[in-house]
Amino acid sequence: MATRCRPSDAFEGAEALSLRDACEADVAAMARIEAVAFSDPWPASAFSGLLEASHAMITVAVDATNEPVGYCVLLAAADEGEIANIAVVPSRRGQGVGARLLDNALRSAEHVGIRSVYLEVRTSNHAARDLYASRGFLAVGRRRAYYRNPLEDALVLRRTEPVSQ
């Protein structure tokens with residue numbers, strides 16, 4: 001369960017960023033990031049509810065002012081996990097923030113005994129698909145008309161190999 005708001009994994013990028021567990025103070029920022037990243041965004045209440053869920057791990061990437069610039073939601077069930085959401089503010093895309101969040105989620109999944117990690121991605125989101133492929137995710141299915149605004153299929157991806165990065 002994510003309860004603290006202290007940096008846990010600092011890294012350098014275009015400017016120094018840190019990864020940390022999300023907390024209630026981050027909900028509004030995550031909802032703002034969600035709203036610009038997705039055409040059918042989750043409401044702030046979804047993030048608040050997940051902060052209290054024992055099966056959810058939410059990590060935020062924060063800048064030097066402790067402002068979230070990206071987040072990742074990992075859900076766990078037995079030995080399977082799902083990257084339910086990962087998003088980065090537009091001004092920080094292409095700087096490795098999403099990759100750091102994904103790598104952190106995969107390490108966290110492995111640490112808690114998750115053997116397979118799933119996610120859905122828009123078929124047109126080639127940048128995300130390239131990132132996931134670079135981390136060993138393979139297509140295992142398609143969900144027709146899964147996304148709205150615009151209507152689009154989702155590819156279901158799975159990663160089963162251990163993290164070794």
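Here is a short chat about the salt bridges in this predicted model.

Q: What should I know about the model before we start?
A: The model is predicted, so local features need pLDDT of at least 70 and side-chain atom pairs count only at pLDDT 80 or more, while totals for chains, interfaces and linings use all residues. Residues are numbered from 1 along each chain as its sequence is written, and side-chain values use heavy atoms, with hydrogens and water left out.

Q: Great. How many salt bridges are there?
A: Eight, where a salt bridge is a side-chain nitrogen of Lys or Arg within 4 Å of a carboxyl oxygen of Asp or Glu.

Q: Which residue pairs with aspartate 40?
A: Arginine 148, with the closest N and O atoms 2.5 Å apart. The two sit 108 residues apart, aspartate 40 in the loop between helix H1 and helix H2 and arginine 148 in the loop between strand E7 and strand E8. Helices (H or I, at least four residues) and strands (E, at least two) are DSSP runs, numbered from the N terminus.

Q: And what does aspartate 103 pair with?
A: With arginine 135, at 2.6 Å between the closest N and O atoms.

Q: Is aspartate 103 buried or exposed?
A: Buried, at 11% relative accessible area. Buried means under 20%, exposed over 50%, and partly exposed in between (1.4 Å probe, protein chains only). Arginine 135 is buried too, at 16%.

Q: New topic: which residues are linked in a network of salt bridges?
A: Arg142, Arg144 and Asp153. Arginine 144 and aspartate 153 meet at 2.9 Å, N to O. Arginine 144 is exposed at 63%, whereas aspartate 153 is buried at 17%.
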